[in-house]
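Please keep the sequence and the model in view while reading.

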Amino acid sequence: MASLRLHLLLIMLLQALLMFSSPVTCDGEEERLLQSINSYRLSLRLSALAENDNADCLADEIAHQLEDRPCPATITSSTPEAQFSNYPKPLEHCHLNMNNTRDGAILLSCIPGRPKSLTVFNFTDPQYTRYLNNSKFIGAGIGSEDEWIVVVLTTNTPSGSFVASSAVNLVFKFGLIYNYLALILGFLILFGRVYV
């Protein structure tokens with residue numbers, strides 16, 4: 001009986017660890033770029049950009065799509081859907097709705113033979129600083145592949161929040177409820193005596 005309780009306790013601890021742990025969303029160099037961007041914004045007395053997991057996902061997907069493309073002579077910034085003909089595909093992958101991304105901005109940088117470290121100086125061109133200097137942006141996600149660096153900026157408006165679609169949120173909530181119920185049931189079985 002003690003062996004069974006020990007096994008159940010180990011399974012519950014593993015489940016609790018998996019349920020409460022958060023995945024790493026940014027690698028070191030992308031995290032340093034976000035810190036550099038935030039230092040730049042703080043020097044202008046603007047708020048720091050919070051890391052947005054959905055914007056991270058979108059930035060990673062766009063960078064992945066661009067990785068085999070050579071650097072163009074010029075890159076322009078505009079609204080997200082205007083930049084990419086297949087913009088719905090990365091949105092779908094990240095469970096985002098186009099209506100929640102319209103006010104956001106996607107900043108692209110391509111540096112032939114890009115050095116290992118990402119730097120904020122890639123985004124000091126006026127076409128980018130008008131976004132980085134804008135206080136309406138409150139969040140960011142960064143993705144990079146080969147020579148490409150993608151920064152996705154989010155706002156606090158419904159059309160720029162990059163909130164996952166409601167169907168995905170509903171599935172996620174039910175998944176959490178299931179995990180909590182399983183954990184509680186495990187504690188009851190392990191530590192409680194159920195009398196019938």
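## Terms and basis

Helices (H or I, at least four residues) and strands (E, at least two) are DSSP runs, numbered from the N terminus. Two strands pair if DSSP finds at least two bridges between them.

The model is predicted: local features need pLDDT of at least 70, side-chain atom pairs count only at pLDDT 80 or more, and totals for chains, interfaces and linings use all residues. Residues are numbered from 1 along each chain as its sequence is written, and side-chain values use heavy atoms, with hydrogens and water left out.

## Overall make-up

The chain has seven helices and four strands. In sequence order they give the pattern α-α-β-α-α-α-β-α-β-β-α. Of the 196 residues in the chain, 37% are buried; buried means under 20% relative accessible area, exposed over 50%, and partly exposed in between (1.4 Å probe, protein chains only).

Contact means heavy atoms within 4.5 Å. Among the contacts in the chain with a separation of 6 or more, 76% are between residues 24 or more positions apart. The chain exposes about 11700 Å², and carbon and sulfur atoms supply 62% of that area. Accessible areas come from the Shrake-Rupley method with a 1.4 Å probe; for residues, only the protein chains shown count as cover.

## The sheet

The four strands form an open sheet in the order β1-β3-β4-β2, with mixed pairing. β1 (50–51) and β2 stand at the edges with a single partner strand each, so one side of each has no neighbour in the sheet. Strands of a sheet pair through backbone hydrogen bonds, either parallel or antiparallel.

β1 and β3 pair in the parallel sense over two bridges. A50 stands opposite G139 in β3, and E51 stands opposite A140 in β3. Strand β3 (residues 137–145) is antiparallel to β4, with eight bridges between them. The bridge partner of F137 in β4 is T155, while E145 has W148 of β4 as its bridge partner. The hairpin of β3 and β4 has two residues between the strands, and D146 takes a positive phi near 50° there. The bridge partner of A105 in β4 is L153.

## Burial of β3 and β4

Eight of the eight residues of strand β4 (residues 148–155) are buried, so β4 is largely enclosed by the rest of the structure. Both faces of β4 are covered: W148, V150, V152 and T154 are buried on one side, and I149, V151, L153 and T155 on the other. In β3, seven of the nine residues are buried, so β3 too is largely enclosed by the rest of the structure.

## Helices on the sheet

Helix α2 (residues 28–43) lies across β1, β3 and β4, running at about 145° to β3. Helix α3 (residues 53–66) packs on the sheet and touches β1, β2, β3 and β4; its direction makes about 30° with that of β3. For these angles, axes are lines fitted to C-alpha atoms, for helices over the stretch in contact, and angles run from 0 to 180 degrees between N-to-C directions.

E30 and S144 are 114 residues apart in sequence and 7.6 Å apart in space, C-alpha to C-alpha.

## Helix α3 in detail

α3 has 14 residues and reaches 20 Å from its first C-alpha to its last, close to the 20 Å expected at 1.5 Å a residue. The expected span of a helix is 1.5 Å times one less than its number of residues. At the start of α3, a side-chain oxygen of N52 comes to within 2.9 Å of the backbone nitrogen of N54.

The buried residues in α3 are A55, D56, L58, A59, E61, I62, A63 and L66. They pack against β1, α5 (88–93), β2, β3 and β4. An α-helix has 3.6 residues a turn, so residues three or four places apart point the same way.

Note on methods. Polar contact = N/O pair within 3.5 Å; in protein donor to acceptor, adjacent residues only side chain to side chain.
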